[in-house]
Amino acid sequence: MALLEVSDLSKTFGGVLAVQNVSFSVEAGIVYSVIGPNGAGTTTLFNLITRAYKPNSGEIRLDGELVTGREPHQLARKGVARTFQNLQICMNMTAIENVMVGGHLFLDRNLIKGLLRFPSLRRADAILREKAAELMTYVGLAAYLGAEAGAMPYGALKRLEIARALAARPRILFLDEPAAGFNPMETAEIDGLVRKIADSGITVVLVEHDMKMVMNISDRILVLNYGKKLTEGAARDVRRDPAVIAAYLGKAA
Amino acid sequence: MTRTHYGLFVLAAVLLALPLLLPNTYYFDIANRMAINAIVVLGLNLLIGFAGQISLGHAGFFGIGAYASAVLTTHFSWPPIAALCVGAAGASLLAAAIAPPIFRLRGHYLAMATLGLGIVISIVLKNEAGYTGGPDGMSVPAMSFFGWEIFGERQWYWLFAGILLFSVWACQNLIDSPFGRALRALHGSEVASQVVGVDIARYKVTIFVLSAFFASIMGSLTAHYVGFVTPDTAEFPHSIELVTMVVIGGMASVYGSVIGAVLLTALPQALTTFEGWETVAFGAILMLSMIFLPKGLVPTLAAKFGGRR
Amino acid sequence: MLSQFLQFMFSGVTVGATYALAALGFTLIYNASNVINFAQGEFIMLGGMLTVFFLKIGLPMPVALVLAVAIPAAVGVLVEKLAIEPAKGAEVVGLIIITIGASLVLRGVVQIWLGKGAAAFPAFSGDAPIAVGGAALAPQSLWVLGTTAVIVVALWLFFNRTLAGKAILATSFDPLAAQLVGINTQWVLLVSFALSAAIGAIGGILLTPITMTSYDVGIMLGLKGFVAAVVGGLGNGLGAVVGGLMVGIIEAMSAGYISSAYKDAAPFLLIFVVLFFLPRGLFGAKATERV
């Protein structure tokens with residue numbers, strides 16, 4: 001049984017059919033990329049699966065369990081984590097606190113204990129802080145361990161989001177354009193990081209426009225065009241599919 | 001965490017030293033009023049500064065506490081502690097009931113809803129004259145803990161100082177705790193906090209209730225302290241004063257709340273009605289501080305001198 | 001029965017028209033600057049108070065009226081220049097506090113200058129009530145409704161048919177884009193404040209013969225105007241007018257049929273009801289947050 005199964009997912013905004021009857025499944029442990037020209041509905045698809053938006057119709061199953069009706073915050077418990085195309089960093093906190101928030105569900109969040117500073121809370125927090133520092137180093141942000149989130153550059157913040165997502169100990173990680181706005185060198189670094197994450201056993205679902213990166217790291221690819229599924233399959237097959245080439249590059253290629 | 005302890009030591013030292021410096025009961029009274037406001041504002045700041053929400057009707061909860069104590073001890077001869085608990089429970093329940101629908105709103109709509117809540121509460125208090133004495137208010141017996149009566153500004157001072165110290169400590173704890181971090185994350189990015197599992201609706205309700213709880217308890221104590229309550233403790237101007245103390249002292253700053261309360265209580269007659277020049281001065285101060293110190297006093301100073309919160 | 005209902009209707013619609021004007025003022029400024037101007041109520045108060053003052057010092061009515069509209073407009077511009085402009089980019093809470101500060105200053109100044117007493121001036125065309133269906137309609141009510149209608153139509157024409165009006169609308173949708181096509185957004189802001197204040201002042205003048213005026217009428221009038229604007233959907237002109245009338249009518253009906261002590265609570269309870277079902281007001285836009 002696939003880790004993630006999407007059936008007939010559709011979403012309309014006003015008169016715009018952003019996503020139409022998209023179905024696919026993702027096996028555990030692979031790197032699965034969703035690509036498509038700008039406006040094809042890739043980010044919307046992500047938002048539907050991670051419940052930032054409500055679909056108009058269709059089903060989403062995680063490990064066989066129906067999650068279509070869930071609230072966004074409930075998915076984290078199921079082992080789903082994601083990053084955002086438009087950075088969603090808490091600029092009012094430090095970098096390490098941002099990562100610590102990722103580990104939110106693993107701590108005792110009791111209000112009274114918090115007010116009274118129970119020692120058990122303190123200890124757990126200290127452990128989480130260490131773990132967060134480890135994660136920051138893992139994603140290459142060792143230099144920013146003491147930094148305020150608001151003082152960090154764009155590239156670092158994108159990595160910070162990944163660290164935060166990893167702090168949630170996900171089974172499946174959704175990366176929404178992790179290389180957006182990066183130059184080739186930075187993209188190669190992110191490429192390496194994503195590979196590292198995938199190798200550690202986390203299923204990665206990726207939306208990305210940088211074709212080189214996509215072809216490099218993906219096991220399977222889903223191609224969307226105008227909100228509809230164009231094709232889906234193993235990476236090497238998709239790259240040779242004439243319909244895909246036509247959609248991206250125009251017929252003559 | 002020594003930074004936190006340092007601040008607390010300073011506060012405790014100030015609170016201990018103050019009685020030696022204050023010349024007479026008039027100054028003790030002002031100090032007491034500062035402490036009362038500071039405690040309410042600490043609770044309100046958790047909601048506004050840390051969680052990034054808004055409440056333009058918080059005086060309503062203060063009024064609920066004040067009148068619960070006044071009515072239950074006067075008309076029904078309840079012991080003050082019981083009345084205080086009932087007031088706090090009532091305020092908390094009201095907050096818990098009204099928060100879920102209200103916090104689905106955003107921005108100005110949320111502000112409007114909280115404003116409406118405060119006004120409705122104050123209107124009810126003003127109109128149920130049979131119980132509350134109407135616009136003229138009613139008198140309140142002295143506070144007593146199990147037979148021992150608190151009398152005089154000095155005795156009250158120690159009670160308020162103790163509560164203030166505890167509140168500052170508790171708030172700082174909360175902010176550094178998992179709960180507090182989730183709250184700040186909520187302020188920073190609701191979307192991001194949802195994605196890591198924060199049930200933002202529940203957190204908003206919880207912090208709203210907590211801040212209502214703070215306000216109600218202080219309302220009850222104030223009623224006994226002053227010996228008299230009037231409906232304007234629950235009215236819009238008082239709500240605005242409280243929000244102003246939060247903003248001027250510094251949102252998302254625990255000591256900012258204390259400083260804000262101290263400063264704005266020291267302005268003469270800032271508690272009940274504004275009269276002529278006081279009004280103009282108060283208004284001018286509001287405008288100038290928000291224009292030149294948009295982050296509030298304490299965070300701006302902290303940024304200048306690099307470090308302490 | 002019917003005559004009683006009509007009576008309440010008349011007073012509701014009359015005061016509702018004033019709320020509508022206040023709400024329009026909020027809407028104008030909100031559209032231009034995303035600021036809720038808590039000083040709006042004070043402009044209403046200024047209209048009435050200034051008219052009383054000018055009549056008292058012997059100026060003829062027409063002159064007094066013109067001044068009582070022009071001065072608040074100028075004050076509106078002052079508020080924008082001294083309070084809003086310097087605070088560009090402040091957080092919402094901060095801006096709210098600033099306008100509240102401005103309202104306190106205005107109220108305080110009037111309190112010092114003109115005292116705390118209530119005052120009024122005679123209705124524009126006398127007090128003889130007109131009998132309609134058994135209810136008494138004060139002629140001043142017709143003035144209120146008529147003038148409000150004229151203002152609403154004039155604003156509609158201004159915003160939809162003139163270039164200046166469209167420039168203001170464009171700024172409200174996207175200030176940066178408006179600047180880029182050459183619209184002077186600074187001017188738009190000033191005009192919005194001046195217009196808003198003038199409209200509020202007119203409302204205050206019209207209402208004074210009916211309800212009297214004093215230095216602190218601005219608070220409740222402003223708040224209820226704000227309620228009306230929110231109920232109608234912040235930023236929507238039609239919503240402001242509908243909201244204002246709704247608030248006025250519901251208030252009058254509550255005063256009449258339920259209890260006059262609680263009539264002030266009615267608008268605020270209305271807020272809860274409306275916002276519960278329509279979180280962005282009657283005509284407010286549905287927004288989806290882009291992630």
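In this predicted model, 12 residues of domain 1 of chain B are in contact with seven residues of domain 2 of chain B. Three helices, α3 (59-74), α5 and α7 (152-176) of chain B, each supply at least two residues of the side of domain 1 that touches domain 2. The greatest contribution to that side comes from α7(B), with three residues. Sorted by class, this side of domain 1 of chain B has six nonpolar, five polar and one charged residues. The domain assignment places domain 1 of chain B at 57-234 and domain 2 at 236-309. The C-alpha centres of these two domains of chain B lie 20 Å apart.

**Chain B against chain C**

Chain B also touches another chain: 33 of its residues are in contact with 37 residues of chain C. On the chain B side, α5 (107-127), α11 (236-249) and α13 (277-292) each supply at least two residues. The class count for this side of chain B is 24 nonpolar, eight polar and one charged residues.

**The two domains of chain C**

For chain C, the domain assignment gives domain 1 (26-215) and domain 2 (219-283). The C-alpha centres of these domains of chain C are 19 Å apart. Contacts between them involve 12 residues of domain 1 of chain C and 13 residues of domain 2 of chain C. The helices α1 (2-33), α2 (40-56) and α5 (139-161) of chain C each supply at least two residues of the side of domain 1 that touches domain 2. That side of domain 1 of chain C divides into seven nonpolar, four polar and one charged residues.

**A pair of helices in chain C**

How do helix α6 and helix α8 of chain C pack, and at what angle? Helix α6 (residues 163-173) and helix α8 (residues 185-211) of chain C meet at an angle of about 105°, and their axes are 10 Å apart. Angles of 65 to 115 degrees count as roughly perpendicular, and α6(C) and α8(C) are therefore roughly perpendicular to each other. From α6(C), the contact is made by Ala167(C), Ile168(C) and Thr171(C), while α8(C) provides Thr185(C), Val188(C), Val191(C) and Ser192(C). By class, the contact has four nonpolar, three polar and no charged residues.

Chain C has 11 helices and two strands. Along the sequence, these elements of chain C follow the pattern α-α-α-α-β-β-α-α-α-α-α-α-α. The radius of gyration of chain C is 19 Å, close to the 19 Å that the globule rule gives for 291 residues, so chain C is as compact as a globular protein of that length. Chain A has 10 helices and 10 strands. A compact globule of 253 residues would have a radius of gyration near 18 Å, and the 19 Å of chain A agrees with this.

| Chain | Span of the C-alpha trace |
|---|---|
| Chain A | about 65 × 40 × 35 Å |
| Chain C | about 55 × 50 × 35 Å |

Of the 291 residues of chain C, 53% count as buried, and of the 253 residues in chain A, 45% are buried. Among the contacts in chain C with a separation of 6 or more, residues 24 or more positions apart account for 75%. In chain A, 65% of the contacts between residues at least 6 apart in sequence join residues at least 24 apart.

Definitions and conventions. Residues numbered from 1 in each chain as written. Chains lettered and ligands numbered in written order. Predicted model: local features only at pLDDT ≥ 70, side-chain atom pairs only at ≥ 80, totals over all residues. Contact = placed C-beta atoms within 7 Å. Helix = DSSP H or I, 4+ residues; strand = E, 2+ residues; numbered from the N terminus. Nonpolar A, V, L, I, M, F, W, Y, C, P; charged D, E, K, R; others polar. Axes fitted to C-alpha atoms, helices over the stretch in contact; angles between N-to-C directions. Parallel < 35°, antiparallel > 145°, perpendicular 65-115°, else oblique. Rg over C-alpha atoms; globule rule 2.2 N^0.38 Å. Buried ≥ 20, exposed ≤ 12 C-beta atoms within 10 Å, placed from the backbone. Domains from an automatic or database assignment.
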